[in-house]
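Please open the model in your viewer and keep the selection tool at hand. The tour below goes from one stop to the next, saying what to select and what is found there.

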Amino acid sequence: MPRFLLSWHGTILCHEEARLFCAPLPDVASGRARPVLASQCNEMVEGPCSLTVDTDVVSDPAGVVALRAGQTYLTANPDNNMRLSDACDDWEHYLPVPLETLETLDALTSRRWLDDQTRIIRPRLDSFKISIGDVPCDPRGFTMELDGAIHHPSIPHPLRPWPNAMAGRALSAVLSALAKGDTGRKGIWAQWPELARQVTLTLAEPDHPAHLYYLARLCTLLGLLDEADLCLQALSGAMNEADRLWASSIVAAAADDDEKAAQLLGEAFTRAAGTRHDTAAIADHTARILAGSLTHRSLLHGSGTLFQARFDGAFDLALMPGKLPPDADYHLRADYYHALEEAWSACPQAGREGFLAQEARLNGVSHALLVIQGHNHWLKGAWEAADACYDQARLRAIEDGFSFIHFNCGAYSWLTDTERPPEPEPLSVDNWQWHHAANSAEPQLCLVAGCDAAYFRFVPKLLASLINALEKAPTPPRIHLVLGLSSPTGKQLDFLTQCSTSLAASGSSLALSFAHGRLTHPDGASYASLRYLLMPEIVKRQSCPVLTLDIDAMIPSDFPDLIATLQSDFDYGFRLYAFDRAGQQYFGEPWGFGAGVSYFGETDHLPVIAQALHDYLVKAYRSANPTNWCVDQCALSAVYHRHIAPRWNSLRIRFMDDDPAIVIMPHHVGMDKRSFGAWEGIVDMDPVFTRLDINPDHARLLGRPA
């Protein structure tokens, strides 16, 4: 078999009637250039007879030759030009390569390949080597199979072309679907115009199999399930196989092919869990998957966690809404319903109707479907329809023994026109004891917060930071801090009494009052509601704007300037994180209304608003509810929508999440409550309490985490 002569620069020595030259490998493979050929005995077979092959060369790799023309050498330059030289360096030699490998080498160096580690590789030809990733290979050792795979002794597994033929078929199928256009298909998680971009990205950047993976995901979300399946088949060997099988099982489930979905899911689980456990340990779970009793959600939150079987979550959106097995037990249903509520919160507006319709078709009516149907009505302004859904959702959840996900617990406390039996022991602070500040001049602003004995740990630093901010102001405003304390300890009451007395005696612009007593229902929901339960009594005694806040807050040093701007420029301030700047709520639920800090600046409206907040809480808080969490947000939202929202265009309302922050809370500094309570970044309590003749160690002891 004749051999062509490969230069050190990766070109091939060629000839025409009137010249010798070096040509790139593709030119020779296509027939555009004629190679000089030597026999296995190193005799010239094709080319000028003036050349002889000199094998007396010591070089790497073995078999490298030189070409002599009399006493001189024919060498190739990097610019592909030829010259004669009296000497012949290593880089001026040639490597004889069997002509039968020409087509294989051309294919190898002209495209991308997939190795056994799911890497996309573009081989490089240089210095008599072809580099496969980091592995240098002798060009003479490559062979090609009928299926296009390429082998070499230096690499343990064959290289396969990428993109492969299946990828081509998949992309053709997607392009065909795209050409037909959107035929009224209603996507939940994706919309048709996204398809053109993703398929073009996949075509333009073939080095990235992830583009094809996300094209498969997009096809799944758009209901192009055959096309999605083709894309995932093409990715065999190009990505983690357990993740590919997981995605394929989701596609099969979306196509209502339960048997195929279970088979693929079983294979995915076996591969993922099998890396850490032997086959016998996972056999029972695999059998249950194949029988259909373990679903995707079971693996995500139960068995998968137990066996450390983890999967890429890109396709998980397609699981929601999903079909519950007819024999699904309580735990599987409870997990699914929570997932349904959580998925709805992330659903794009354009997909909401499709989401609801699909869940109703697959699983019928449930408390979870009813509550998100209520959200859908609410966001469209159909409040009566929303309230009807919330009533049904609450009753059904209690009857069926299911709970709402945490952010939907407001459904228990959301009041509608439907009458409810009175609470036997309603929340009340009517009989609480008050300590009123001695410095009782009319304040410019009243701050109100509440807590129990455990959360009292935040009070010393809240108080110290407020005192510190006022002391630094050239002309400090008159502030009245009112605290509500549920079942405080004697030491806590003594501390507050001493603080109140010392502030009055020192002539401080801060007055401190507090009320304390026992709540009929002491829990987190009632503690958070104390600020609103106390407001009617507060606004009876003084006529000034009110700022309500969480107890786990601190006051920034520029607070006097911030509240001066707040009072001059705004009538109200709320954490309207679910609202646009036109006052329209665009996601979430009615009680998706932050209560961490709120400002009420219309003093003539405050008596009505304060009483409405109080009365809502007394009526809505029910000991029979599984939880009353979010009841304070329900109260604030209901009062806002009745008394404030109708006047949006004539009021100046501050979005309290805007910078600068009026008060500092844990989320502002990226801390949890415990870390925030220990943080010294706002105030050093020692000098503050020392000036008030209060033992700082006493304050610090009260401020320790429970």
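Helices, such as the one that opens this tour, are DSSP runs of H or I with at least four residues, numbered from the N terminus. Keeping in mind that this is a predicted model, select α18 (524-533), which is one of the elements that each supply at least two residues of the lining of the second largest pocket. With five residues, α18 gives the most to that lining.

By type, the lining consists of 17 nonpolar, ten polar and nine charged residues.

From β20 (445-452), step back into the loop that joins β19 (433-435) to it, where you will find Asn439. Asn439 counts as buried because its relative accessibility is 18%, under the 20% cut-off. A polar atom of the Asn439 side chain lies 3.0 Å from the backbone oxygen of Leu510, and the residues that Asn439 touches beyond four places in sequence include Leu503, Ala504 and Ser508.

Finally, select Ala253, Ala254, Pro321, Gly322 and Lys323, which of the 42 lining residues lie nearest the centre of the largest pocket. This pocket has a volume of about 1000 Å³, and the elements that each supply at least two residues of its lining include α5 (209-222), α7 (241-254) and α12 (330-345). Its lining divides into 24 nonpolar, ten polar and eight charged residues.

Note on methods. Residues are numbered from 1 along each chain as its sequence is written. This is a predicted model: local features need pLDDT of at least 70, side-chain atom pairs count only at pLDDT 80 or more; totals for chains, interfaces and linings use all residues. Side-chain values use heavy atoms; hydrogens and water are left out. Buried means under 20% relative accessible area, exposed over 50%, partly exposed in between (1.4 Å probe, protein chains only). A polar contact is a pair of N or O atoms within 3.5 Å; within protein, one must be able to donate a hydrogen and the other to accept it, and residues adjacent in sequence count only if both atoms are side-chain atoms. Contact means heavy atoms within 4.5 Å. On a 1 Å grid over the protein atoms alone, a cavity is a set of points where a 1.4 Å probe fits but cannot get out, and a pocket is an open set with protein on both sides within 12 Å along at least five of seven lines; lining residues have an atom within 4 Å of a point. Grid points are joined across faces, edges and corners, and a volume is the space filled by probe spheres set on the points. Ala, Val, Leu, Ile, Met, Phe, Trp, Tyr, Cys and Pro count as nonpolar, Asp, Glu, Lys and Arg as charged, and the others, Gly among them, as polar.
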